[in-house]
Amino acid sequence: MPAGTLDAIAAKVGAGRRLDRDDGIRLYEEADLAGIRRLADEAAERKNGKTVTYVVNRHINYSNLCILSCFFCAFSKKRGEAGAYELSLDEIRERAREAAAAGATEIHLVGGLHPDLPYEYYPELLRMLSREFPGLALKAFTAVELDHFARLRGVPVAEVIRELREAGLAFVPGGGAEVLSDRVWKKLFRGKIPPRRWLEIHREIHRAGLRSNATLLFGHIETVEEKVDHLLRIRALQDETGGFVSFIPLRFHPQNTVLAHLPLAGRDAVLREIAVARLLLDNVRHVKAYWVMTGLETARLALTGGADDLDGTVVEERITHMAGAETPEHLTEAEIRDLIRGEGKIPRRR
Ligand code: V47
Ligand code: SF4
């Protein structure tokens, strides 16, 4: 590391000055990991003290049928293909019932872009869940699904967001952003909404009074500059709306994807993503170590390097596990609390 790189950045952070694009690039390319983890931990503690949050939740991936074929995806299947599945309404209800009985307060519900379910299915699903399980907050449908619904319905996405909110939608997850870069979009996920549209939909979500998360899918073909620009685009939208609650770096899992030849990003690369995100996104309250994707040991270390949230108990997860994840699908609340306490932080259920 050239002498002074981290010192200059530390001085800026200490003075409450915003980091710029060059600082971001240096954090990725030059700064030593231990040093930026320390800075990121201080930044996280200034925002949230020693508190690390988690939620007792259940992820439900209602179907993996999808009209698209993103190159990084091992989850999506076409109808009739081995491994394709669709949960019936009864199966979704049963999973929600189990979640409620286990004390969950949130359902995280996402799926592929289904080839033939009608638009009405989605608000009906939310209405059924909110009517039968009023104690479960419904975090559902990425910007990509919302765009798909707006096309099905033939109305602007803002109208779909309003209808789903009335049907019980409480929060929008951060998936589908991938890398907000036209180059990566063209190469890996061209059929899906482009970066500008992802941002526009989150702007509409925030305008509708809902809040959302943002993600970055890293560890494939993206460059450092593209990652920094991604973070700065999220930061700019957050300046405008204030509607993002958490930022979640997602570690790309290559198995069973078109990019299966790529290696899985290692522990230090994951820790660096979390620390850089914490330092650049000075206006986003939380940075999440999504243990399903980071791995448990790395998630634990991330709690002293910029992360202050662990997602939740999860229970069942397909997107990462179809792509070779070796993490469990379920952590108990006690395991999550122990993990947090083990790092000298204070667990708080949200
Ligand atoms: O949008 C797809 C990504 C996302 C792979 O908002 C992959 O709290 C890794 O967004 N390897 C869905 N990632 C997951 C997601 C999420 C998860 C947890 C919490 C929240 C939140 C959001 O997973 C997709 C896509 O970006 N993804 N394939 C893969 N092979
Ligand atoms: Fe479909 Fe999402 Fe997979 Fe792309 S990432 S193929 S939109 S399920």
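This is a predicted model: local features need pLDDT of at least 70, side-chain atom pairs count only at pLDDT 80 or more; totals for chains, interfaces and linings use all residues.
Residues are numbered from 1 along each chain as its sequence is written, chains are lettered from A and ligands numbered from 1 in the order in which they are written, and side-chain values use heavy atoms, with hydrogens and water left out.

**Seven-stranded sheet**
- An open sheet of seven strands has the order β2-β3-β4-β5-β6-β7-β8 with parallel pairing, where strands are DSSP runs (E, at least two residues) numbered from the N terminus and two of them pair if DSSP finds at least two bridges between them.
- Because β2 (57-61) and β8 (286-287) each have a single partner strand, one side of each is left without a neighbour in the sheet.
- Strands β4 (residues 137-140) and β5 (residues 169-172) run parallel and are joined by two bridges, and Leu138 stands opposite Leu169 in β5.
- Helix α5 (residues 121-132) lies across β3 (106-110), β4 and β5 and runs at about 155° to β4; helices are DSSP runs of H or I with at least four residues, contact means heavy atoms within 4.5 Å, and angles run from 0 to 180 degrees between the N-to-C directions of axes fitted to C-alpha atoms, for helices over the stretch in contact.

**Three-stranded sheet**
- A further open sheet, also with parallel pairing, consists of three strands in the order β9-β1-β10, and its edge strands, β9 (309-312) and β10 (346-349), each pair on one side only.
- From one strand to the next, the twist averages 25°.
- Strand β1 (residues 51-55) pairs with β10 in the parallel sense over four bridges, and Tyr54 has Arg349 as its bridge partner in β10.
- Helix α14 (residues 333-342) lies across β1, β9 and β10, and runs at about 145° to β10.

**Ligand 2**
- The residues surrounding ligand 2, including Cys66, Phe72, Gly112 and Lys192, have a heavy atom within 4 Å of the molecule.
- This shell divides into six nonpolar, three polar and one charged residue.

How values were computed:
Ala, Val, Leu, Ile, Met, Phe, Trp, Tyr, Cys and Pro count as nonpolar, Asp, Glu, Lys and Arg as charged, and the others, Gly among them, as polar.
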